[in-house]
Amino acid sequence: RSSGPTWHPPGCSIEHARPCSLPTFSLWALHFPSDTVHLPARYLPLLWKGTPSVQRHADYTRDRLRLLASKMRELIYPETRPLDQLLVAGPVTERISYDQAQQLTGFRPAKMGEQFGPLWATYWFRVRAIVPAEWAGQRVDLLWESHSEATLWMSGRSIQGLNHDPIGFDQSGRPDAILREQARGGETIEFQIEMACNRKFGYENERRKIYRNISLYVLDRAEIALFDPLAWELYFDFSVLQALEAESARPDSDLDRCWAGLLLSELNRFANTYDPADRSTWSTAHAILKELYRNHNATTVHELSAIGHAHIDTAWLWPLAETRRKCVRTFSTATNYMDQYPDYRFACSQAQQYAFVKEDNPDLFERIRNKVKAGQFIPVGGTWVEPDCNIPSGESLVRQFLFGQRFFEKEFGKRCREFWNP
């Protein structure tokens, strides 16, 4: 309305808004000092149904949303069970193959809270779990937190890497793995864990050690869990938007202020609607998130694609032998994701690392070969390793491409068309 009470879209500050008439094509116009923004018509009902026009105490609301995201994450696994058998052998000073690990003796029961080490040592776990009968028809995952890198092995195959580093700079981790997509209920699952006493950044993590007599590598969690797909979808749909909105509080944020205000208001409305203990509220709350995801950039902006990449330094903060295992962990995870998500792509450079996997894990290399054919696993760079480009001679750099391209052509029938040297 052009007269009467002044209305302000959710989240927009009063001093930046002005009353305006509603055009025939039903867009709400806002005037900011630097630009004009239009609010999609589908949000107009919120303005006329008494939705608060200004989201007060924005920092308090952001804290509330951040805590809610943590609670939502816990609901992804509503039920857990301890493992029925957890035996460990080690430390093994050499990095041995799976077949060699089957010859190990001296297995003993492992305990929660048990410390492992020293740096670069390896332990092998033999695990057995019985799936509860009431979990029949549902997905069952492994939850493993040893504050280290590890590999999940099933029936002699490397399935994926596992790691948990809650104090790392990016707080990233991959502590879960699928054991059964659809359990029968009552079946026994057996698998092995190869635990490496190091984290992603090797020596760098060791320098951050704060206790003299407590190891960095502690078995903190080992159990099977019931997976809730709806809780998983809700959590990630919410947490991505929550993290996006949190960016608007940064002094250097260039997030559109109208969009940021709408985002904060609608996420707060989600928090008012969603009850973790009442699943009947989840559908209505989820609809709020889905509506937010309908907001797209203009058609004239760049189109971006997100491509997976690991950037494994062939020689850096760990022994060269650990590079070989990092490749197995990483490439196993990547091919596993490709099975779960057919549109997932993973770009990987350095022919040397492919050669390591071919020698150490032929089964995994064959999986990679199949994914290259499918267009999911993408060799890039064309060099043997990602070379230093300052000290080497021209002849050395030429040979990087010569040997790298020869390998990719021989193994995959492809020649790289780009140089990859981040």
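**Exercise 1: An aromatic pair**

In this predicted model, Phe236 is partly exposed, with a relative accessible area of 37%.

*Solution.* 
1. A pair of aromatic rings is described by the distance of the centres and the angle of the planes.

**Exercise 2: A pair between helices**

*Task.* Determine which helices are tied together by the pair of Phe365 and Phe412, and describe the geometry of this pair.

*Solution.* 
1. The ring centres of Phe365 and Phe412 lie 5.8 Å apart, with 35° between the planes, and the pair is tilted.
2. Phe365 belongs to helix H10 (residues 362-373), while Phe412 belongs to helix H11 (residues 394-412), so the pair ties together parts that are 47 residues apart in sequence.
3. Both Phe365 and Phe412 are buried.
4. Ring pairs also place Phe365 and Phe412 in a cluster, whose members include Phe331, Phe346, Tyr354 and Trp384.

**Exercise 3: The nonpolar cores**

*Task.* Identify which residues touch the most other members of the largest nonpolar core, and list the contacts of Phe125.

*Solution.* 
1. The largest nonpolar core has 38 residues, of which Leu86, Phe116, Phe125, Trp144, Leu152, Phe191 and Ile193 touch the most other members.
2. Several strands each supply at least two residues of this core, among them S4 (85-92), S7 (122-130) and S13 (188-196).
3. With neighbours within four places in sequence left aside, Phe125 is in contact with Leu86, Leu87, Val88, Ala110, Phe116, Trp144, Phe191, Gln192, Ile193, Met195 and Leu219.
4. A second, separate core has 27 residues, including Leu143, Ala231, Leu263 and Phe270.

**Exercise 4: The cavity**

*Task.* State how many cavities of 30 Å³ or more the structure holds, and describe the lining of the largest cavity.

*Solution.* 
1. The structure holds one cavity of 30 Å³ or more.
2. The volume of the largest cavity is about 50 Å³.
3. Its lining includes His309, Ile312, Phe331, Gln350 and Glu386.
4. Strand S16 (residues 346-348) gives the largest share of this lining, three residues.
5. By type, the lining residues are six nonpolar, five polar and one charged.

Conventions
Residues numbered from 1 in each chain as written. Predicted model: local features only at pLDDT ≥ 70, side-chain atom pairs only at ≥ 80, totals over all residues. Heavy atoms only, no water. 1 Å grid on protein atoms, 1.4 Å probe; cavity = no way out; pocket = protein on both sides within 12 Å on 5 of 7 lines; lining within 4 Å. Points joined across faces, edges and corners; volume = space filled by probe spheres on them. Helix = DSSP H or I, 4+ residues; strand = E, 2+ residues; numbered from the N terminus. Nonpolar A, V, L, I, M, F, W, Y, C, P; charged D, E, K, R; others polar. Core = buried A, V, L, I, M, F, W, Y, C linked by side-chain atoms within 4.5 Å. Buried < 20%, exposed > 50% of the residue type's maximum accessible area, 1.4 Å probe, protein only. Contact = heavy atoms within 4.5 Å. Phe/Tyr/Trp six-rings, centres within 6.5 Å; stacked < 30°, edge-to-face > 60°.
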